Amino acid sequence: MNAPLILTSKQVDNPVRFSPSVERPEPNEAQTIQGLIAAMRYVNEKTLADGGHAIRSVHAKTQGILEGYLEVDAHLPCELAQGLFAKSGRYPIVMRFSTLPGDILDDSVSTPRGLSVKIIGVEGERLSGSEGDVTQDFVLVNGPAFGAPTPKKFLPVITLLARTTDKVQGLKKVLSAVMRQVQRVIVAVTGRPNVTVATLGGQPETHILGETFYNQAPVRFGDFIAKISVAPISPELIALEQSPLNVNGVPNGLREAVVNFFRKNGGEWEVRAQLCTDLELMPIENAAVVGPEEKSPFRPIARIKVEPQTAWSEARSSAVDDGMQFAPWHGLAAHRPLGGIMRARKEVYEAAKKFRAEKNGRIIEEPREKVQFGD
């Protein structure tokens, strides 16, 4: 369940303080990053050749686009009142739900789900590359840890997955059905889904709105270090946790489910932070480690609220899919991404953004005020 764990005073009082020394880049990391850029570029070029339109190299398929507000909790304890969350406030946001592959597949190919949140109107010292902007992005996936520990370990995985782009979709559907059965066995034995199996099509067929999402790799959290999660808390969304959703024969079944839900309902999520309390148990340079919640639970820091609305339209898709980028390096210096996977994302995301902008003839820029979709 998503209820926060009870804290002890020791857990509250001993978060690790941020220092630049917590990061230790691998040798030849720059070369590895160039390999990642090349793999993503391969996906971009294949999908452009197929569809005549440049799309994201991962999480290409949009399953829902929402506008709403983030409200920072008042009276947070000092270790949580950091960066964006240092004082109470209300900010307009854009949310984008997605699925993993870089090609647009039927939803019966069941893969991990993503949620990107863009918070607008954020003031403060900026990260390099986002100077002059007023946004803070959090890019999240429905699993607590990344599928590889380091960029070097991730490179062969993404290179292999890139080569499956544009392969026969029917074979992917068959593989996905097999992987879901494998995942059921893994969950029964270990109590937790396997990230690699989910990536290969073994994501359980459940409603995307019942998911809890995680940024998977650490970020600076003001004076401290944390991971971030977004979990549903309104009753209508909680009811969808682990709720089966059969989308076989319905190519855009996840999107249709999201649209149908928000046609009648609003929603509320809790934004949570898991402070790093032990660099051995919660390492900076190994993104595949799940931080133990019994040592440091995810604790509430803000809420996201949305009203009933049109959760997908051509106008929203044009504005967000073509006109926006969501990236961990859009934001405040107080929330600097940490570790190799996050460092790699800076250059990889920027290269992908430039490709989309150039091929589509679109300007991709950061909003400065509440987005009006006009649908």
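Asn360 is found in helix α9, in what is a predicted model. With a relative accessibility of 18%, Asn360 counts as buried, because the cut-off for burial is under 20%. Leaving aside residues up to four places away in sequence, Asn360 touches His53, Ala54 and Asp322. Gln216, by contrast, is 144 residues from Asn360 in sequence, and their C-alpha atoms are 30 Å apart in space.

Two packed helices are described by the angle between their axes and the distance between the axes. For α2 and α9, the axes come within 9 Å and cross at roughly 35 degrees, and the crossing is right-handed. On the α2 side the contact is made by residues including Glu29, Ile33, Leu36, Ile37, Met40, Asn44 and Leu48. The α9 side contributes, among them, Gly340, Ala344, Glu347, Val348, Ala351 and Phe355.

Helix α2 itself covers residues 29–51. At 1.5 Å a residue, its 23 residues should span 33 Å, and the end C-alpha atoms are 33 Å apart, which agrees. Just after this helix, Gly52 takes a positive phi of about 70 degrees. The buried residues of α2 include Thr32, Ile33, Leu36, Ile37, Ala39, Met40, Val43 and Thr47. An α-helix has 3.6 residues a turn, so residues three or four places apart point the same way. What covers the buried residues of α2 includes α9 (340–360) and also α3 (151–162).

Strand β2, residues 89–99, is mostly covered, with nine of its 11 residues buried. Strand β1 (residues 61–72) is joined to β2 by 11 bridges, and the two run antiparallel; within this pairing, Glu67 has Val94 of β2 as its bridge partner. Strand β3 (residues 113–120) is joined to β2 by seven bridges, again in an antiparallel arrangement. Here Ser98 has Gly114 of β3 as its bridge partner.

There remains the nonpolar interior. In soluble globular proteins, nonpolar side chains tend to be buried together. In this model the largest nonpolar core has 61 residues, and those with the most contacts inside it are Trp269 and Ile304. Helix α7 (residues 253–264) gives the most to this core, supplying six residues. Another core, of nine residues, lies apart from it; Ile65, Val320, Met324 and Val371 are among its members.

Methods. Residues are numbered from 1 along each chain as its sequence is written. This is a predicted model: local features need pLDDT of at least 70, side-chain atom pairs count only at pLDDT 80 or more; totals for chains, interfaces and linings use all residues. Side-chain values use heavy atoms; hydrogens and water are left out. Helices (H or I, at least four residues) and strands (E, at least two) are DSSP runs, numbered from the N terminus. The expected span of a helix is 1.5 Å times one less than its number of residues. Buried means under 20% relative accessible area, exposed over 50%, partly exposed in between (1.4 Å probe, protein chains only). Contact means heavy atoms within 4.5 Å. A nonpolar core is a set of buried Ala, Val, Leu, Ile, Met, Phe, Trp, Tyr and Cys residues joined through side-chain atoms within 4.5 Å. Two strands pair if DSSP finds at least two bridges between them. Axes are lines fitted to C-alpha atoms, for helices over the stretch in contact, and angles run from 0 to 180 degrees between N-to-C directions. A crossing is left-handed if the near helix is turned anticlockwise from the far one by less than a right angle, and right-handed if clockwise.
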